[in-house]
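Hello,

Here is the structure I promised to pass on. Please take a look, then read the notes below.

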Number of protein chains: 2
Amino acid sequence: MARPRKPLLSRDRIVETARALVDSEGLDAVSTRRLAAELGVSGPSLYNHFRNKDEILEAVADTVSAKVDLSMFDAADGRDWRRALHDWALSYRAALTEHPHIVPVLARGPGRRPAGLRVADAVFGAMVRAGWPPAQATYIGALMRYFVTGSALGSFARGFVDDETAYDPADYPHLGQAHLLADHQEKVDEGAFETGLRALLDGLGVQYEAGRYASERAGSGAGGFATVRPAPKLP
Amino acid sequence: MARPRKPLLSRDRIVETARALVDSEGLDAVSTRRLAAELGVSGPSLYNHFRNKDEILEAVADTVSAKVDLSMFDAADGRDWRRALHDWALSYRAALTEHPHIVPVLARGPGRRPAGLRVADAVFGAMVRAGWPPAQATYIGALMRYFVTGSALGSFARGFVDDETAYDPADYPHLGQAHLLADHQEKVDEGAFETGLRALLDGLGVQYEAGRYASERAGSGAGGFATVRPAPKLP
DNA sequence: ACCTGAACACCGTTCAAGT
DNA sequence: ACCTGAACACCGTTCAAGT
């Protein structure tokens, strides 16, 4: 066949097929040969569109980052940085839980993925507008990413394992049998995520007040958050 | 040669050699053939001691978990749960930063690794003794793991990339050039970790007070933490 | 029990050849 | 420019054979 008059492949088609394969069969199922077969071409064809396999996986990860809602950051009145962060974290986590198998790729950082960088940029900009100093704004973007990706990673794969013999109660006196159950594990993940997110936002509120970062909007006194209160209820 | 009178291999020797290889050349360098060569045997020999390669990597990950200090949990007076959690998080992170290449394996959860389970058990037990309800104690162990492993994962590999052309300021108006520098990245990781850890502990303090979990030690009033104060200074 | 070589069914990537 | 088959240098794992 050699070269067809109309290209068989495109970057988009490759990425879309790779994403479907990752979602349905996991990262390990994506070999260049398997992916090519799925596309109806031979393995080496992919190298006309991507430098290597890793670049394909990075592109897949970026389509997931692109699903993260960022609208709360430009909508927001600066005083609402906690709510914006909260809503963003939910959207971020939702994107990852929809595509759990690509999380290991996403978790290693934004790298050079455009959508990943766009996320980092949006969070940073919103925090600075809310009054956070640039260094702190950078930290917030990073630490939120740590928490959300860490939770998405730790949740799937096999947080705990489905084999009763793995956990001798003599060895782990506090670990109940309940830890074995997969649906219990899912509830733990949700509870831990909600609890951690709330704690992070409350704790950042403490630092925000201590630094009086809201001063330019509410005079030099205690502006913004008058008292530390629990974060908004999670839906 | 066939079978020698004294075994050439042992689980410990395999794990130790694998750990050294992971540390010096990364996860990808560990193939069964390469590891076997390092040990002076042929590839299939490893299968006399481990069921498969993944089991070897799990064992390596467990030696890293085993380095996490847990003494602060049984030493602690229950009121000091925040300090214990803080010190533990530092020790946890230190263990991971010493062996960054194995973090992806560790990050997927305790699985059936004994040392990983011992860690989960210790945190849970200490939080319950401090007055946290069991469900919350479980959440705390999980969310701390999310944060620490997420930060260790996001830090290495390539949080950002060392190539100026990757970041067009027109695309990411808030991302400065400084993001490119590797040593700047390291400072960001440390700052983000400290900030996030402090926020988590402060935020958990808010929830602890709101739930009055300390009541059995200080009467049914506001015991334990009278006010929300910043977490102890990080060294 | 513990190691070996041979073998199976794969990999990612390069490259000359084809249109 | 874009696809192909052949080839290179690898993989993880199984298994019969050896002691």
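How much area do chain B and chain A bury between them? The figure is about 4,900 Å², and 65% of it lies on carbon and sulfur atoms. Keep in mind that this is a predicted model.

Next, the polar side of the interface. Between chain B and chain A the count of salt bridges is 0. Polar contacts do turn up: 6 residue pairs across the interface of chain B and chain A, both residues at pLDDT 80 or more.

Which helices of chain B each supply at least two residues of the side that touches chain A? They are helix 3 (53–65), helix 7 (114–129), helix 8 (134–155) and helix 9 (182–211). Helix 9 of chain B gives the most, with 16 residues. By type, the residues on the side of chain B that touches chain A are 29 nonpolar, 17 polar and 14 charged. The contact takes 60 residues from chain B and 60 residues from chain A.

One item comes from a record. An unreviewed UniProt entry annotates residues 31–50 of chain A as "DNA-binding region". Over residues 31–50, chain A is 40% helix and 0% strand. The end C-alpha atoms of that stretch are 14 Å apart.

Best wishes

Notes
Residues are numbered from 1 along each chain as its sequence is written. Chains are lettered from A and ligands numbered from 1 in the order in which they are written. This is a predicted model: local features need pLDDT of at least 70, side-chain atom pairs count only at pLDDT 80 or more; totals for chains, interfaces and linings use all residues. Side-chain values use heavy atoms; hydrogens and water are left out. Contact means heavy atoms within 4.5 Å. Buried area is the accessible area (1.4 Å probe) that two parts lose on being put together, summed over both. A salt bridge is a side-chain nitrogen of Lys or Arg within 4 Å of a carboxyl oxygen of Asp or Glu. A polar contact is a pair of N or O atoms within 3.5 Å; within protein, one must be able to donate a hydrogen and the other to accept it, and residues adjacent in sequence count only if both atoms are side-chain atoms. Helices (H or I, at least four residues) and strands (E, at least two) are DSSP runs, numbered from the N terminus. Ala, Val, Leu, Ile, Met, Phe, Trp, Tyr, Cys and Pro count as nonpolar, Asp, Glu, Lys and Arg as charged, and the others, Gly among them, as polar. UniProt positions are given in the numbering used here, feature names are shortened, and annotations may be inferred rather than shown by experiment.
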